[in-house]
Amino acid sequence: MKRNIYDLGDGEFAAAIAATAFAICSLEENAGSQYQTKTKRPVIMPAEAAPMRRTSTMNRKTSAEIVTITPAANDKMQKGISRVSRNAENKADAWEKAQIAKIRKRHDELLSALLAWENEKKMMAKQQMERRKSQVELALKRNLQHYKNKLARIDHIAKGARTQAEEKRSYEETTVKEKSNKIRSTRTGPVTCYCF
């Protein structure tokens, strides 16, 4: 059976989204560190630090010799360095804008997926509530019909019992009237038997 991502519980779905976001962030950090290691920034030398020491490898002995840099040469170096640094900054700006655009696009896609998930879950919950509501209404109608049937049966039984009671009363009254008429005609009292 194929399992849909929307079938996950709320906690599982949130954990899956968090894991995805973490993986994306770590991939971006790795990609960003690769770009940083590839670009080398030129060293800018201040104008005051004209004399420099450089080791000479011509002799086997290590000796230090002083190299002087003139201010004109220093200006040329700084112009070249500033041109290179501007190009590097432009590339960095372009890379940054591209990465931010990717992040925003991915974020928008994630938000639209979350909105779709939220709407689907709300719709399913509403359908389930409507289904249960109709089931409750159907059960209420059945219960009401059962109640009416029970009342009708009770009324029918009570009516039959009343009729029987009326017939019995009428029979007993008739029997008593007949006995009283017999007593009147024979002029004797009712016979009661005390047989103990």
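Predicted model: local features only at pLDDT ≥ 70, side-chain atom pairs only at ≥ 80, totals over all residues.

Mentor: The side chains of Arg-169 and Glu-166 meet in a salt bridge, with an N to O distance of 2.6 Å. The pair counts as a salt bridge because a side-chain nitrogen of Arg lies within 4 Å of a carboxyl oxygen of Glu. In general terms, side chains of opposite charge can pair when their charged atoms come close.

Arg-169 has a further partner. It forms a salt bridge with Glu-173 as well, and here the closest N and O atoms are 2.8 Å apart. Arg-169 and Glu-173 are 4 residues apart in helix H2, which again corresponds to about one helical turn.

Arg-169 has a relative accessibility of 38% and counts as partly exposed. Glu-166 is partly exposed, at 45% relative accessible area, and Glu-173 is partly exposed too, at 37%. Each assignment follows because partly exposed denotes the range between the buried limit of 20% and the exposed limit of 50%.

A search of the whole structure finds 3 salt bridges, and another of them joins Lys-122 to Glu-118, whose side chains meet at 3.1 Å, N to O. Both of these residues also belong to helix H2, which covers residues 71-186, and they are 4 residues apart, about one turn of the helix. The two partners fall into separate accessibility classes: Lys-122 is exposed, with a relative accessible area of 51%, whereas Glu-118 is partly exposed, at 33%.

Leu-144, which is located in helix H2, belongs to a nonpolar patch on the surface together with Tyr-147, Leu-151 and Ile-154. The accessible area of these four residues together is about 390 Å². Leu-144 itself is partly exposed, with 45% relative accessibility. It can join such a patch because membership requires over 30% relative accessible area and no salt bridge.

How values were computed. Residues numbered from 1 in each chain as written. Heavy atoms only, no water. Helix = DSSP H or I, 4+ residues; strand = E, 2+ residues; numbered from the N terminus. Buried < 20%, exposed > 50% of the residue type's maximum accessible area, 1.4 Å probe, protein only. Patch = residues over 30% accessible without salt bridge, like charges linked within 9 Å, V, L, I, M, F, W, Y side chains within 5 Å. Areas by Shrake-Rupley, 256 points an atom, 1.4 Å probe, with all protein chains shown as cover.
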